[in-house]
Amino acid sequence: MRLALLGCGTVGSEVVRLLHEQAADLAARIGAPLEIAGIAVRRLGRDRGDLPVDPALFTTDPLGLIKRDDVDVVVEVVGGIEPARSWLVEALRAGKSVVTANKALLAEDGASLHDAAAEGGADLYYEASVAGAIPLLRPLRESLHGDRINRVTGIVNGTTNFILSAMDATGAGFAEALDEATELGYAEADPTADVEGFDAAAKAAILASLAFHTRVTAADVHREGITEVTVADMASAKAMGCTIKLLCIAARGTDAAGRETVSVRVHPAMIPLTHPLASVGDAFNAVFVEAEAAGQLMFYGRGAGGAPTASAVLGDVVAVSRNRLAGAHAASESAYADLAVRPMGEALTRYHISLDVVDRPGVLQAVAGVFARHDVSIATVRQGPAGGGPAGRGEDADLVIVTHVAPDAALAATVGELRGLDIVRSVASVLRVEGGA
């Protein structure tokens with residue numbers, strides 16, 4: 001089996017190393033040896049250390065490499081939308097199997113790839129696009145294909161999980177924890193895609209598409225990052241027996257007309273310490289799946305890095321290679337359900353709201369009245385002097401309110417009205433609460 005490798009960076013280099021180190025085992029598993037037909041790179045003269053590959057295999061013409069008659073499988077680890085989309089569509093239409101780790105492309109326009117795969121009768125595998133080495137996508141698209149998945153909740157970005165774990169463990173602020181993540185190599189020089197939730201949103205779209213047999217794009221995902229999470233939020237979470245995680249949540253539901261829908265969102269949320277995801281620390285990933293027959297399933301492991309991602313890539317290479325040798329290909333995309341994506345305002349959730357209010361009689365009654373006008377039920381209220389200082393000075397007070405489940409639009413409207421009250425100095429923070437906390 002002849003491979004065209006597009007990209008030879010962190011992941012691509014590890015793919016080459018594993019192909020070399022495990023050549024005999026891979027050949028035995030597939031039934032034929034794997035050979036690299038060529039490696040497309042941006043610059044030919046770059047120093048690639050002791051990479052075990054013939055320099056003559058490198059090329060700066062990826063499309064020419066893809067079109068070669070002796071290429072059976074195209075492995076793409078370049079990333080980005082274009083020109084990767086054009087390359088992979090070309091390969092798939094020509095009937096060549098594709099293995100990709102490109103979450104951004106799959107989340108923005110996976111439809112083009114799936115359509116090209118159907119047109120060319122080719123395999124499209126992308127296990128490495130979500131959660132690195134964790135076997136997750138194949139169980140969703142194959143092992144659980146006979147079941148009905150109702151909800152998927154996950155920690156799918158290692159950078160943000162490291163930052164929030166550090167804030168929780170040490171009391172550090174966001175900026176300090178981000179600096180530590182950068183020093184340790186967990187955060188990029190520009191961490192925007194991670195800390196603002198773009199990376200997690202792309203993965204959420206892929207997970208939702210597989211779990212609910214519906215084409216979901218990144219544009220369908222409600223996204224919030226972690227940059228506004230504070231030390232005070234962490235302390236408040238601890239007081240409730242919770243921790244804060246950046247979660248991707250995809251869930252079935254129904255709209256006002258009773259039609260089945262799906263909601264997909266990414267945002268920081270408080271979860272109880274008893275929840276399986278609460279103990280997922282450092283830069284690890286975990287995804288919690290709730291299915292009707294199988295019940296609750298947890299997938300856990302390293303979600304990023306060259307070697308773990310390369311492991312997932314090679315797992316897909318083995319699968320598509322065995323299919324080609326057998327003259328078969330995997331089942332095509334399953335998007336028969338075609339569920340409508342529910343707007344975030346209709347998603348049912350809970351809020352944790354921290355207010356700085358004037359400390360005088362009648363304030364709590366006025367605040368409670370705002371919640372009642374928006375039909376939002378209050379679960380708990382905690383009041384204390386502002387900043388945790390001594391009481392009885394007639395100064396401002398801290399008011400922390402946790403709601404019962406309500407539509408997100410009603411909760412947001414409640415917060416909006418609270419901001420306009422004279423008795424509310426400021427809305428210090430708003431966080432969602434998940435998992436029965």
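In which sense do strand 1 and strand 2 pair, and over how many bridges? Select residues 2-6, which make up strand 1, together with strand 2; the two pair in the parallel sense over five bridges. Keep in mind during the tour that this is a predicted model.

To find one of the bridges, pick L5 and then I39, its bridge partner in strand 2. Now select residues 35-40, the whole of strand 2. Five of these six residues are buried, so strand 2 is largely enclosed by the rest of the structure. For a bridge between them, pick A40 and its partner in strand 3, T59.

**The nonpolar cores**

Next, select V74, L136, I149, I163 and L207. They belong to the largest nonpolar core, which has 81 residues, and they touch the most other members of it. Then show residues 198-212, which are helix 10. Helix 10 gives this core its largest share, 11 residues.

Which residues is I149 in contact with, leaving aside its neighbours within four places in sequence? They are L140, L144, A211, F212, R252, V289, E290 and A291. Another core lies apart from the largest one and has 34 residues. To locate this other core, select L3, V77, L314 and V320, which are among its members.

**Aromatic pairs**

How many aromatic pairs does a search of the whole structure find? It finds two. For one of them, select F162 and Y186. Their ring centres are 4.8 Å apart and their planes stand at 40°, so the pair is tilted. The pair links distant parts of the chain, 24 residues apart: F162 is in helix 7 (residues 158-170), while Y186 is in the loop between helix 8 (174-183) and helix 9 (192-195). With a surface shown, compare the two residues. F162 is buried, with a relative accessible area of 7%, whereas Y186 is partly exposed at 30%.

For the other pair, select F284 and Y300. This pair is stacked, with 5.2 Å from centre to centre and 5° between the planes. Here too, distant parts of the chain are linked: F284 is in strand 11 (residues 284-291) and Y300 is in strand 12 (residues 295-302), 16 residues apart. F284 has a relative accessible area of 18%, and because the cut-off for buried is under 20%, F284 counts as buried. Y300 is partly exposed, with a relative accessible area of 47%.

**Charges over rings**

Move to Y125 and show R141 with it. R141 lies over the face of Y125, at 4.6 Å from the ring centre. Then go to F198, where the charged end of R223 sits over the ring, 3.8 Å from its centre.

**Helix 13**

Last, select residues 363-373, which are helix 13. Which side of this helix is buried? Colour V363, V367, V370 and F371, which are buried. These residues cover an arc of only 95° around the axis, which means that they are on the same side of helix 13. Turn to the face away from this buried side, and Q365, A372 and R373 are there as exposed residues. After helix 13 comes D375, where the tour ends; its phi is positive, near 60°.

Key: Residues are numbered from 1 along each chain as its sequence is written. This is a predicted model: local features need pLDDT of at least 70, side-chain atom pairs count only at pLDDT 80 or more; totals for chains, interfaces and linings use all residues. Side-chain values use heavy atoms; hydrogens and water are left out. Buried means under 20% relative accessible area, exposed over 50%, partly exposed in between (1.4 Å probe, protein chains only). Helices (H or I, at least four residues) and strands (E, at least two) are DSSP runs, numbered from the N terminus. Two strands pair if DSSP finds at least two bridges between them. A nonpolar core is a set of buried Ala, Val, Leu, Ile, Met, Phe, Trp, Tyr and Cys residues joined through side-chain atoms within 4.5 Å. Contact means heavy atoms within 4.5 Å. Rings of Phe, Tyr and Trp (its six-membered ring) pair if their centres lie within 6.5 Å; planes under 30 degrees apart count as stacked, over 60 as edge-to-face and the rest as tilted. A charge sits over a ring if NZ of Lys or CZ of Arg is within 6 Å of the ring centre and within 35 degrees of the ring normal. The arc is that of the directions from the helix axis to the C-beta atoms.
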